[in-house]
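The following paragraphs go through one structure, moving from a single side chain to the core and then to the packing of helices. Please keep the sequence and the coordinates open while reading.

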Amino acid sequence: MVDTTPLSRAVDHFADRLRAAPQSRLQRGAAAEALDLARELARWAQRIEEPGTEPREMPDAGMFAVADQITVAGHDLAVVLTGEDEVAEAVVLVEESRKRAGV
């Protein structure tokens, strides 16, 4: 079993930063960046869990929900990853997205 703790930590850190961010920062693009990441993580998990099927798109639940969406998608992905290289790749995605979001 692969250790997905680094991914869980990165996802939780990003989500905590989003929850603490002012509304103005969320409106200036942090929420959109976070939603893009949540959707990407969800698609990745779905491709592993349901190969050969078209991934469903995570809905836009609003800027105040994106922290929860990242948390759910990131933890869902952590459950299905099978290699340390995949975990490292996912952590990089989360960290790069957090930097682009400015939180």
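Does Trp44 count as buried or exposed? The model is a predicted one, and in it Trp44 has a relative accessibility of 11%. The cut-off for buried is under 20%, so Trp44 counts as buried. Trp44 belongs to helix H2. Beyond its neighbours up to four places away in sequence, Trp44 touches Leu77, Leu81, Glu86, Glu89, Ala90 and Leu93. Between Trp44 and Asp76, which are 32 residues apart along the chain, the C-alpha separation is 9.7 Å.

Arg39 is also placed in helix H2. With a relative accessibility of 17%, Arg39 falls under the 20% limit and therefore counts as buried. When neighbours within four places in sequence are set aside, the contacts of Arg39 are Glu57, Met58, Pro59 and Asp60.

In soluble globular proteins, nonpolar side chains tend to be buried together. Here the largest nonpolar core contains 35 residues, and Leu7, Phe14, Leu18, Ile70, Leu77 and Val94 have the most contacts inside it. Two or more residues are given to this core by each of helix H1 (5-20), helix H2 (23-49), helix H3 (66-80) and helix H4 (84-101). H2 supplies the largest share, 11 residues. Phe14 shows how such a residue is surrounded: leaving out residues up to four places away in sequence, Phe14 touches Ala34, Leu37, Ile70, Val94, Ser97, Arg98, Ala101 and Val103.

How do the helix axes run? Those of H1 and H3 come within 8 Å and cross at roughly 175 degrees. Angles over 145 degrees count as roughly antiparallel, which means that H1 is roughly antiparallel to H3. On the H1 side, the residues that meet H3 are Leu7, Ser8, Val11, Asp12, Phe14, Ala15, Leu18 and Arg19. On the H3 side they are Val66, Ala67, Asp68, Ile70, Thr71, Gly74, His75, Leu77 and Ala78. By class, this contact of H1 with H3 has 10 nonpolar, 4 polar and 3 charged residues.

H1 also packs with H4, at an angle of about 15 degrees and with the axes 9 Å apart. An angle under 35 degrees counts as roughly parallel, so H1 is roughly parallel to H4. The crossing of H1 and H4 is left-handed. From H1, Pro6, Leu7, Ala10, Val11, His13 and Phe14 take part in the contact. From H4, the partners are Val87, Ala90, Val91, Val94, Glu95, Ser97, Arg98 and Ala101. The residues of the contact of H1 with H4 divide into 10 nonpolar, 2 polar and 2 charged.

Pro22 sits between H1 and H2 in the loop that joins them. With a relative accessible area of 42%, Pro22 is partly exposed. The C-alpha atoms of Pro22 and Val103 are 9.9 Å apart, although 81 residues separate the two along the chain. Val103 is also among the residues that Phe14 touches.

Note on methods
Residues are numbered from 1 along each chain as its sequence is written. This is a predicted model: local features need pLDDT of at least 70, side-chain atom pairs count only at pLDDT 80 or more; totals for chains, interfaces and linings use all residues. Side-chain values use heavy atoms; hydrogens and water are left out. A nonpolar core is a set of buried Ala, Val, Leu, Ile, Met, Phe, Trp, Tyr and Cys residues joined through side-chain atoms within 4.5 Å. Buried means under 20% relative accessible area, exposed over 50%, partly exposed in between (1.4 Å probe, protein chains only). Helices (H or I, at least four residues) and strands (E, at least two) are DSSP runs, numbered from the N terminus. Contact means heavy atoms within 4.5 Å. Axes are lines fitted to C-alpha atoms, for helices over the stretch in contact, and angles run from 0 to 180 degrees between N-to-C directions. Angles under 35 degrees count as roughly parallel, over 145 as roughly antiparallel, 65 to 115 as roughly perpendicular and the rest as oblique. A crossing is left-handed if the near helix is turned anticlockwise from the far one by less than a right angle, and right-handed if clockwise. Ala, Val, Leu, Ile, Met, Phe, Trp, Tyr, Cys and Pro count as nonpolar, Asp, Glu, Lys and Arg as charged, and the others, Gly among them, as polar.
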